[in-house]
Amino acid sequence: MKHLLATAFLAGALALPAGVMAADYSIMAPAAPGGGWDQTARAMQEALTAEGISGNVQVTNVPGAGGTIGLAQFAQEAKGDPSRLIVGGYVMVGAILTNKAPVTLDAVTPIARLTGEYEVIVVPAASDIKTLADLVAKLKADPGSVSWAGGSAGGTDHITAGLFAKTAGVDPKAVNYVAFSGGGEALAAVLGSQVTVGISGYGEFQSQVEAGALRVIGVSAPEKVAIIDGPTFKEGGVDLVVQNWRGVWAGPDLSAEQVAAITADIEKMVNSETWKKTLETKGWNNTWLAGDAFKAQLATEIEATTAILKDIGLVE
Amino acid sequence: MDTFLLLWQGLAVALQPINLLYALVGVTLGTAVGVLPGIGPATTVALLLPVTYKLDPAGSLIMFAGIYYGGMYGGSTTSILLNTPGESASIVTALEGNKMAKKGRGGPALATAAIGSFVAGLIATLALAFLAPWVVSVALAFGPREYFALMVLAFVTVSAAFGDSALRGLTSLFIGLTLGLVGIDLQTGQARLSFSHPSLLDGIEVTTLAVAMFAVGETLYVAAQGKRAPESIEPVRGSLWMSARDWARSWKAWLRGTVIGFPIGAMPAGGAELGTFFSYAVEKKLSKHPEEFGEGAIEGVAGPEAANNASAAGTLVPLLTLGLPTSATAAIMLAGFQQYGLQPGPLLFTSNPQLVWGLIASLLVANLMLIVLNLPLIGLWVRLLTIPKPWLYGGILMFATLGTIGANPSVFELAMLLVFGLLGYGLRVFHFPIAPVVVGLILGPMAEQQLRRALAISQGDVMVLFTSPISAVLLFLAAVALILPLVLRAQGRGRVLAAVAADSD
């Protein structure tokens, strides 16, 4: 009997810390499996459980309309629930505006910005456009003659193209942007010289650049990126920095303590070896920014994005 | 290095016991998800991706490839027996296959689908091994204008292949085209026909529409007939196996389906459905028994089934040679490559030859496994049809609902399934063909986007459609396909009258 009690006590003592320390999380990826947000959510799942920060992490997918469908559902379901998280990012900021989404990022609690990818402008190896200066000159002479291939209208690629034109002194409305659905269709159009330039995250073009079929003429980073063989926009004379960032939000109506606890867990995850390894294999930058700094950054971005979408003519 | 030698080494990798096990798990899972409507291979691979972090790259990619091929196989079974296409690439199979099944010829239909898939998979995988670099350069020559011309050709040939009444066929097609407009427009980001309902912003899911039109619509139709329903379904009439005549009618269709499906699968904006449409149209045109089409013609199963498996192999051409995913499953396989720090593309063949050739070799192995797995099961599958009608259709309804819910757990999606089911019922009652609705939903948005891209690139100059040799030829073929039957009809008055009579139906 004594023995049994001791064993039970021992088992309880062993089980207890795990039960108290490791919160369970359910992360919503507001997109179909396979995309950037889904990969982010699943990378978080992997890191949170591998590092013992959380005992049990579920990932759910609610695809549709640039994440705005998942966001609306999340804002309603996750009210006051500190175990629920949603992944989102720059694309969602634009989608909320172009779709006139009824539920915006104001309805959820920002936790942190996690990762980012820079945009690159590429041309086919045989193109007569050699530098950004060539591209700007062609844009200024006849903006319509430069066709840009990238992702869906109003997304990061489109916004970057608009901002690029605006910064270079060309009317963003005149940008001849050709939207391709995901999955490499834009890449095919650039490779086949169907369009003048391609614009997207470096990952989309990497293998073709390394094989010498495409040439990077500009990177949207503030300074030279080691793995990308090409000048920054600024070096090419266009003073512009754009990053396609992704981050994580929690539900509405959480207490300050709850938000602090979630933020601490996520910070622990970001500093873990597992997460660092994931960033390396996926080619993502660590763009950790939490709390009020993230909130302030978010507000600035929403304002800037609204302005450029108006300039392009997608938002009234 | 010599391709044969590399393929041989690849086979050595694929035939390792552990990799054979991965392939077996892959094809079994793939067949299972292919059978379930709505849950496709893409979702399965995505869900398995985190599980495979711990596996070695070769093993997990071999498993993914098995799922992909298995999914293409499994989709045909429910199309044929239950008129419930599991994947959009097996919609066409349902047209003739289900008619055959109802006449007690489910066995030969399943057999020609399985053997056709095997033959196509075998030839297309070998083509992938030997012709990949050449095929990919041809595929890249296709830009927006060439794709648009290809879609025009598809519209003309495919709509001619459905039904006898042009008026009814076109009406159905335009319903599908209208449904295709729903959702956010890719080029401008603006919502169309969404009536401010957020669930409509992403447009209408092809599988939801197909399952509703085919399975739910038919269930309602059968239920509405009640006891007046003519004959009961005959599960097996004659042999379970293909007769000599079935073989004679199938083998050419398999080869033609392969030749059509492989290059279209390799095109970055082609897609497996397009190949099945073309194959169906070609088989109907070339068949010695065109009158059997719509009543259960075996060529109409053999060709499209071969085409969809060949296009599955075709999809791997741009994936492996360019790092270009041309289907949802391929996109997720790309993420799988990247998870191991591998970048598919022109360098992959030289930097990781064992992996690439191991994958290609395991496709051959998976293909063989699938036919061994599927052929003996035909007898079991066909017995599904011996279930009494009320239970069978009740089961189909439940199956269709579960599949839709599984793919997208939303009440709205379910409501769409029912509404489109009612539409399918209405179309049946008034003798409108069902397939053109689904064809319109698939081809319409593709044609529209490609035309707008082509015109954006040319800054509005329509002549650009005719200055490319490829698109000019395709448009010329489309014009011939449209005008030639009219000319032939005009040659004899009696035939004109017959044609007019058929048209006004």
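Which residues of strand 3 of chain A are covered on each of its faces?

Reply: This is a predicted model, in which local features need pLDDT of at least 70, side-chain atom pairs count only at pLDDT 80 or more, and totals for chains, interfaces and linings use all residues. Residues are numbered from 1 along each chain as its sequence is written, while chains are lettered from A and ligands numbered from 1 in the order in which they are written.

Strand 3 of chain A comprises residues 84–89; helices (H or I, at least four residues) and strands (E, at least two) are DSSP runs numbered from the N terminus. Of the 6 residues in strand 3 of chain A, 6 are buried (20 or more other C-beta atoms within 10 Å of the residue's own; 12 or fewer is exposed, in between is partly exposed, and C-beta atoms are placed from the backbone). On one side lie Arg84(A), Ile86(A) and Gly88(A), on the other Leu85(A), Val87(A) and Gly89(A), and all of these are buried.

Strand 3 of chain A has pairing partners (two strands pair if DSSP finds at least two bridges between them). Strand 1 of chain A, residues 25–29, runs parallel to strand 3 of chain A and is joined to it by 3 bridges. In this pairing, Ser26(A) stands opposite Arg84(A). Strand 9 of chain A, residues 243–250, runs antiparallel to strand 3 of chain A, and 5 bridges join the two. Here Gly88(A) has Gly247(A) of strand 9 opposite it.

The strand belongs to a chain with 11 helices and 10 strands. The C-alpha trace of chain A spans about 90 × 40 × 30 Å along its principal axes, and 53% of its 316 residues are buried. Of the contacts in chain A between residues at least 6 apart in sequence, 77% join residues at least 24 apart (a contact means C-beta atoms, placed from the backbone, within 7 Å).

Chain A also touches chain B, and each chain contributes 41 residues to that contact. On the side of chain A, the elements giving two or more residues are helix 2 (36–50), helix 3 (68–77), strand 6 (176–179), helix 7 (185–191), helix 8 (202–210) and helix 10 (273–282). Helix 7 of chain A gives the most, with 5 residues. By class, this side of chain A has 15 nonpolar, 21 polar and 5 charged residues (Ala, Val, Leu, Ile, Met, Phe, Trp, Tyr, Cys and Pro are nonpolar, Asp, Glu, Lys and Arg charged, and the others, Gly among them, polar).

Chain B itself has 22 helices and 2 strands. Of its 505 residues, 57% count as buried, and 79% of its contacts between residues at least 6 apart in sequence join residues at least 24 apart. Ala109(B) lies in helix 6 of chain B, residues 106–140, and is buried because it has 32 C-beta neighbours inside 10 Å. Apart from neighbours within four places in sequence, Ala109(B) is in contact with Ile80(B), Gly97(B), Met100(B), Ala101(B), Ile298(B) and Val301(B). Glu96(B) is 13 residues away from Ala109(B) in sequence, and their C-alpha atoms are 8.7 Å apart.

Technical notes
Two residues are in contact if their C-beta atoms, placed from the backbone, lie within 7 Å.
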